[in-house]
Amino acid sequence: MLYQVLATLATRLDVNAPPVVSVAFPGPVDDAGVALRAPTVWGHDERPEPVAARLRQLWPSARVLVTNDLSAAGLCFLRSDTDELCVVTVSSGIGHKVFLRGEPIVGRSGRGGEIGHVRVDFSEGAPRCDCGGIGHLGAVASGRGIRNRALRLARLDPEGFGRSYLGQAVAGDLTRLDNRIVARAFCAGDRWTADLIAASAEPLGRVLATIHCAVGIERFVVIGGIAHALGPAYLRLIGSAAARSEWALGQRWDEMLELGQLGDDAGLIGAGRLAARCMLE
């Protein structure tokens with residue numbers, strides 16, 4: 001289905017023999033253009049997908065580039081060819097890429113940059129991740145994780161939820177609860193929702209602190225729909241959690257965290273930049 005959509009779009013754009021096809025894929029990708037997993041797209045199917053090979057079947061004469069979507073997105077936020085940063089997405093899942101000297105660090109097999117699948121919740125009732133794992137960061141702190149946690153807590157504490165801004169916004173109908181309403185309640189200062197978001201920001205902050213301690217990155221660009229909807233107050237929660245999780249060497253998390261301003265277009269723009277770079281070689 002994915003490849004049929006790409007072929008249809010190419011036909012509509014009247015691009016029948018493109019010189020370069022560049023794809024930003026939502027999952028780890030190895031050097032051969034094989035997607036190792038794509039849990040937010042295909043669930044916990046464990047079969048690798050030969051994305052590059054299938055694209056070459058559609059466009060045999062094209063040079064095919066397949067990169068992870070966050071590796072592509074990170075290119076949009078580099079300030080120079082030797083810049084260093086960590087781009088983090090908080091959306092349907094959670095992922096990241098560390099860039100050193102202008103290049104994403106993923107390892108030869110493409111497995112780097114997948115903090116969403118680090119286990120952070122070892123409790124008996126830990127939520128299940130899209131990949132099938134238990135208690136992963138993505139299951140706890142992603143947009144889906146936030147909504148699922150809100151639903152679970154609302155059922156456990158219907159009275160407290162009902163008194164909250166969020167509970168009143170959905171008028172007791174949990175089928176209406178989505179992250180747009182969650183973000184609106186959070187920005188309105190609802191205490192119930194603030195506690196919900198703080199609980200999701202805590203493990204994310206701890207993991208980002210680990211990245212900082214491991215490699216010394218001092219610029220973290222956070223992207224993704226729910227992160228942008230929650231805004232600067234959400235970054236402050238992440239930063240506070242990070243600061244509590246590591247020793248103080250003068251780092252300032254309020255300065256190290258920023259919201260990326262390109263939204264969902266960052267991956268597309270990055271893939272385009274890769275294609276342009278390829279055509280200039």
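Two strands count as paired here if DSSP finds at least two bridges between them. Helices (H or I, at least four residues) and strands (E, at least two) are DSSP runs, numbered from the N terminus.

**Ground rules.** I am working on a predicted model, where local features need pLDDT of at least 70, side-chain atom pairs count only at pLDDT 80 or more, and totals for chains, interfaces and linings use all residues. Residue numbers start from 1 along each chain as its sequence is written, and side-chain values use heavy atoms, with hydrogens and water left out.

I went to the strands and found an open sheet of five, in the order 5-4-3-6-7, with mixed pairing. Strand 5 (103-104) and strand 7 (257-259) are the edges; each has a single partner strand, so one side of each lacks a neighbour in the sheet.

**Helix 10.** Next I looked at what covers these strands. Helix 10 (residues 191-215) lies across strand 3 (85-90), strand 4, strand 6 (220-223) and strand 7, and runs at about 165 degrees to strand 3. (Axes are lines fitted to C-alpha atoms, for helices over the stretch in contact; angles run from 0 to 180 degrees between N-to-C directions.) I picked out Ser200, which lies in helix 10. Ser200 is buried, at a relative accessible area of 1%. (Buried means under 20% relative accessible area, with a 1.4 Å probe and protein chains only.) Leaving out residues up to four places away in sequence, I get Val140, Ala141 and Ile146 as what Ser200 touches. (Contact means heavy atoms within 4.5 Å.)

**Helix 9.** I listed the buried residues of helix 9 (residues 179-187): Asn179, Ile181, Val182, Ala183, Ala185 and Phe186. They pack against helix 6 (143-156), helix 8 (165-170), helix 10, helix 11 (225-230) and helix 12 (232-244). Just after helix 9, I spotted Gly189 with a positive phi of about 85 degrees.

**Helix 1 on helix 3.** Last stop: the axes of helix 1 (residues 2-12) and helix 3 (residues 51-58) come within 11 Å and cross at roughly 40 degrees. That makes helix 1 oblique to helix 3. (Under 35 degrees is roughly parallel, over 145 roughly antiparallel, 65 to 115 roughly perpendicular, and the rest oblique.) I noted Tyr3, Leu6 and Ala7 of helix 1 in contact with Val51, Arg54, Leu55 and Leu58 of helix 3.

Methods
Buried means under 20% relative accessible area, exposed over 50%, partly exposed in between (1.4 Å probe, protein chains only).
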